[in-house]
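Please keep the sequence and the 3D view at hand while reading.

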Amino acid sequence: MKVIISNSSPDPIYEQISRQIKAQIISSELAEGEALPSIRKLAQELQISVITTKRAYDELEREGFINTVSGKGSYVAVQNQELLKEKKMKIVEEKLAEAVSEARILGIGIEQLKDMLLLLYKEDE
Amino acid sequence: MENAIQIKGLRKEYKGFTLRDVSFSMPQGYIMGLVGPNGAGKTTIIKLIMNLVRRNAGEITVFGKDNLKDEAEVKSRIGFVHETPSFYDDAPLKDIKAAVANFYKKWDERLFLALIDEFGLPLDKKFKKLSHGMKMKFSIALALSHDADLLILDEPTSGLDPVFRRELLERLSALMQDERKSILFSTHITSDLERTADYITFIHDGEIVFSLPKDDIKETWGIVKGSRTLLEDQYRKLFKGARETSVGVEALTSDIQEARRTFDSDVIIERASIEEIMVLMDKGEHYA
Amino acid sequence: MRSLILKDLILNKKFLLWTGLLYFIYVAVFGSRIDNPRITTVFITFLCFIMPVMVFTREEKLKGTVLVCSLPATRKQIILARYVLGWLLMLGSFVLATIGILAVPGSKLGPEDLLNARIIMFALGLMALYFAILMPLLIRFGMVGFLVFLISLQVLGFITLALVSQSALKLNIRSSIAAVKNAFIFLSSNLGTPAYYALLIVVMVALNLASFACSVSIFKRKDF
């Protein structure tokens, strides 16, 4: 499992972790049933707070990506491919919903929003 | 599971300094850093927990037990490292160890000897002949050798060379793999906490400013950098402290989201480091 | 309790050995020159609380008290251990001194002079009195307290002598001392020796208990 965190990124660290692990599970880099390091071990290796790693793992568990057995550790959950696709869609949907609601509050119209989306997509390429 | 430490309404009066209304708790299984400028009250709080000084008001419980009523029981579970370790100056280390070991049922001689070996401490030498760093190491070795559930360290890294400081912090980190252990340590060297702490309690001038998970602090406290307009009255309630230089102003806010909403592009808003919080809070008199 | 007492013995072992030896020699040499058992007793007992005093003030001087207060023991237990250890050291010193004096060849006193109940009770009484007064002072003021104690004794002695030399008061002092002595004799003869001794012991214990209570409350208030 590979996790790299950036202190200068605007994203909270727990999110960086859960996102990276999620990506590796989705791309099958992390196999089903594979064991993840314990939250404390991960905290020690990344030199961050155990609360952070716990939060990341809690989120992953909530979204069905991992299973935690108390006393034993955390394992990559069995991923149904359909469900997986759905999950990915859901993640992006949530983010878009946030953007839409912010846009509404700030009075930004749908056309402007579409333009922004295009721009951002192009930026990352 | 009860908290490792729970403090309510603690008060201690000294001539010229009062620790007042201190309340915070520390759950089991985590590291809490007690941070603040020199003289803010960190050592006082620790001394009050250890009952080295008497409190004027308030209550302190450790693992659910009152630290005065159950003093001996509470202390048997604590490994304590004082800011300036002092034992019988005249006595050789092995005698001090022999005297101390008797007090703890869970004394682990093998572990102690392993630590002594690792730290390179000469057991036959008299305590007064050791350098400050070695006195600290010895004190730490004693504190770690009786399976203490709670470690309380008062400024453990000040006066230590960077190599040992790093080793000590790593050792503390390694200890935390056992989720029954808790660590409270006070420091004014904030970089110690940036990595290892789970919770941070910030003390300023005898009062608790906040006691929060480190991540929450990172996510909510920020530095707004901009021009002198930041010092205007309209922004007063947003900031907790500010530093003005000839080329601009840095202001500390405890609500970074609010700051992001308030200001537009002519400021830079960054997450605040613990050190910046400490420094800028010190310059916050007119924001109090 | 055991660990508290052991702590003092371990950390002071060299000191105790050397001081014990010196004390032994000093008392043996000079004590054996005295031919009055009462004075000998005063001499011995005056010095035998030096040992506990030195042990306790050493702890203060060598900055060991902070350590003690961080160990799993209550303030009360710490003081109790001091009282117990103090008495053990005093009694030990007394035995040592007595042996010393008796063992020196040419000693002016023999076993029958020193090893009788009256002299021993007298010694215990003095020790109990010194200790009871001294301990709270020591705990409150540290080494300074001990010096204050010694100096006060001296000053008291001087004042008494000065007053006694004033002939008008001579009779008063004399008669008050006589009155005290008579009180003791009265009690002694009326109660019978065992009861009298029992009463004395009760008084000594009561004194030490009061002293203990006082010391504990002083020590509980101390900030380190």
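Of the 125 residues of chain A, 22% count as buried, a residue being buried if 20 or more other C-beta atoms lie within 10 Å of its own, exposed if 12 or fewer, and partly exposed in between, with the C-beta atoms placed from the backbone. This is a predicted model, in which local features need pLDDT of at least 70 and side-chain atom pairs count only at pLDDT 80 or more, while totals for chains, interfaces and linings use all residues. Residues are numbered from 1 along each chain as its sequence is written, and chains are lettered from A and ligands numbered from 1 in the order in which they are written.

Chain A has five helices and three strands, where helices (H or I, at least four residues) and strands (E, at least two) are DSSP runs numbered from the N terminus. Read from the N terminus on, the elements of chain A follow the order α-β-α-α-β-β-α-α, and its C-alpha atoms fill a box of roughly 50 × 35 × 25 Å along the principal axes. An automatic or database domain assignment provides the domain bounds, and it divides chain A into domain 1 (13–76) and domain 2 (81–124). The centres of domain 1 of chain A and domain 2 of chain A, taken over C-alpha atoms, are separated by 26 Å. Among the contacts in chain A with a separation of 6 or more, 51% are accounted for by residues 24 or more positions apart, two residues being in contact if their C-beta atoms, placed from the backbone, lie within 7 Å.

Where does chain A touch chain B? The contact takes twelve residues from chain A and 13 residues from chain B, and the elements of chain A that give two or more residues to its side are α1 (13–26), α2 (39–46) and α3 (50–62). By class, this side of chain A has six nonpolar, four polar and two charged residues; Ala, Val, Leu, Ile, Met, Phe, Trp, Tyr, Cys and Pro count as nonpolar, Asp, Glu, Lys and Arg as charged, and the others, Gly among them, as polar.

In chain B, helix α1 (residues 42–49) is largely enclosed by the rest of the structure, because seven of its eight residues are buried. The buried residues of α1(B) include B:K42, B:T44 and B:I45, and the helix is followed by B:N51, whose phi is positive, near 55 degrees. Further along chain B, strand β9 (residues 199–204) and strand β10 (residues 207–213) pair in the antiparallel sense over six bridges, pairing being assigned if DSSP finds at least two bridges between two strands. β9(B) and β10(B) form a hairpin with two residues between them, and B:D205 in the turn has a positive phi of about 55 degrees. Within this pair, B:T201 stands opposite B:S211 in β10(B).

C:L11 counts as buried because it has 26 C-beta neighbours inside 10 Å. Not counting residues up to four places away in sequence, C:L11 touches B:Y88, B:A91, B:D95, B:A99 and C:G64. The C-alpha atoms of C:L11 and C:G64 are separated by 9.8 Å, although these residues are 53 residues apart along the chain.
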